[in-house]
Amino acid sequence: MDLKDYAAQDATGLAALVKAGEVSGAELADCANRAIDAVNGTINAVIRRLDPPVAGDDAGPFAGVPFLVKDLVLAVGGIPQMMGTRMLAEGGFVPPVDSELFTRFRKAGLNTIGITATPEFGFNATTEAVLNGPTRNPYNTERSPGGSSGGSAAAVAAGIVPVAHANDGGGSIRIPAASCGLVGLKPSRGRIPFGPYYGMPLLGMANEFVVTRTVRDCAALLDAVSGPDIGATLGIAPPAMPYAGAIAADTRPLKVALVRHWPKAPAVEPQIDEALSRTARLFEANGHMVEEAAPDYDVDAFNRANFAAWMSFLAVGLNGVSAAMGREPGPDTVEAVTLACARAGNRLTAMDIEDVFMVMNTVSRSIGAFLTQYDVILMPVLKRTPLPLGYLNQNDPDLDAQGWYDRLFDAVPFTAPFNMTGLPAITVPAGMHDAMPVPIQMAAGMGREDVLLQLAHDLERQQPWRDIRPGVFAG
């Protein structure tokens with residue numbers, strides 16, 4: 001298959017070609033590897049190839065479609081996981097069995113050809129781990145593809161694969177998708193399985209899914225992998241109808257809250273504000289009611305709790321890796337900020353963690369009450385165009401844990417509230433500025449991924465972003 005034809009297709013299109021017998025999964029894997037050869041030397045998104053690939057089920061809806069897995073959380077049995085840290089550079093953590101989610105990816109037919117880059121332990125909004133070096137944005141290689149799923153987003157945007165695994169504890173699906181002109185859905189808490197290795201990672205704030213180029217891929221993959229697994233500590237009601245069908249249905253008139261100023265968040269750049277206005281006008285033209293409004297919650301309490309959640313998560317992760325490897329963390333094996341954050345996490349008490357859950361409850365009640373008045377929140381996902389490489393340096397010895405937290409969440413202030421509340425949120429492209437994608441974010445009530453996917457599909461039809469190609473593209 002010609003690489004140009006391959007890279008032009010989304011996962012649904014490639015799966016249809018396989019089903020029709022026009023191309024085989026082996027041929028598509030060859031295309032994906034040729035695409036890696038063509039662009040990965042420039043963007044540094046794929047850190048390891050799997051040869052042979054981990055094959056998916058031939059009967060799955062995405063049979064033969066090439067796929068990449070982020071080097072964090074999701075386990076592929078027998079494949080070493082490095083988590084972006086030099087602490088695991090000598091062999092890595094080798095999970096004995098697949099994560100349940102990866103089992104479902106395989107059952108869906110996805111053919112896993114490689115592993116993508118992540119920042120150390122995923123605690124960054126860029127992807128520049130010392131272990132692997134910087135991953136670059138295919139639209140502008142001096143800028144970041146976002147993080148922590150930056151390797152996956154850069155690979156999808158550059159045409160290596162049409163879909164790749166991603167996860168999101170504070171925006172790590174939505175920030176890279178936004179930075180690379182992709183669709184990035186963080187599903188509702190409990191929608192995606194975490195077993196058997198995790199129950200409620202990051203105290204329930206984390207989630208897993210994918211980044212895609214099209215809404216139809218996002219919807220069909222959510223159908224393929226969602227639902228609780230055996231022994232899950234969280235669960236959620238299934239959708240009223242399959243998501244792939246929901247996006248084809250007419251969208252009922254909705255009440256949309258346009259948020260230009262999120263509580264205590266910095267102002268956005270003009271092109272972001274204009275993208276919000278443009279999207280609001282499209283919504284109104286489609287029969288929805290839009291009015292400017294914003295939820296009100298205790299932002300200081302949110303930051304206190306979010307800080308404690310992240311620091312404890314870092315501490316547990318680093319302590320576990322240290323015990324497994326029999327190595328003490330230090331500046332030669334762990335980035336300076338990671339070490340500072342883990343030390344802060346080790347100083348936390350059980351009362352600090354109980355406070356996190358109390359704040360999660362109050363913030364969730366506040367934003368949940370706001371969403372009884374509105375169906376959807378339309379708001380920024382980034383405050384500016386994608387960050388220049390080096391702006392968020394996780395190996396900066398001059399930053400302590402609080403300094404890092406403040407710098408990180410000032411750079412990306414609009415995503416983490418939906419991790420704390422567990423509400424679904426999606427980002428889609430909404431235009432271009434200075435040859436870079438300009439995104440917007442939408443959030444909805446618990447379990448209402450269908451509403452977000454319907455709106456995203458409507459926007460996609462009116463402004464077809466899949467036809468926009470970055471400067472670094474395999475096709």
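Visitor: What makes Arg-407 count as sitting over the ring of Tyr-391?

Guide: The charged end of Arg-407 is 4.1 Å from the ring centre of Tyr-391. A charge sits over a ring if NZ of Lys or CZ of Arg is within 6 Å of the ring centre and within 35 degrees of the ring normal. Lys-255 likewise lies over the face of Tyr-374, 5.0 Å from the ring centre. A word on the source: this is a predicted model, where local features need pLDDT of at least 70, side-chain atom pairs count only at pLDDT 80 or more, and totals for chains, interfaces and linings use all residues. Residues are numbered from 1 along each chain as its sequence is written, and side-chain values use heavy atoms, leaving out hydrogens and water.

Visitor: Why is the pair of Phe-67 and Phe-105 called tilted?

Guide: Rings of Phe, Tyr and Trp (its six-membered ring) pair if their centres lie within 6.5 Å; planes under 30 degrees apart are stacked, over 60 edge-to-face, and the rest tilted. Here the centres are 4.8 Å apart and the planes stand at 50 degrees, so the pair is tilted. By this rule there are 10 aromatic pairs.

Visitor: What makes Tyr-297 and Phe-302 edge-to-face?

Guide: Their planes are 75 degrees apart, with 6.0 Å from centre to centre.

Visitor: Why does Tyr-297 count as buried?

Guide: Buried means under 20% relative accessible area, exposed over 50%, and partly exposed in between (1.4 Å probe, protein chains only). Tyr-297 has 8% relative accessibility, so Tyr-297 is buried. Phe-302, at 5%, is buried too.
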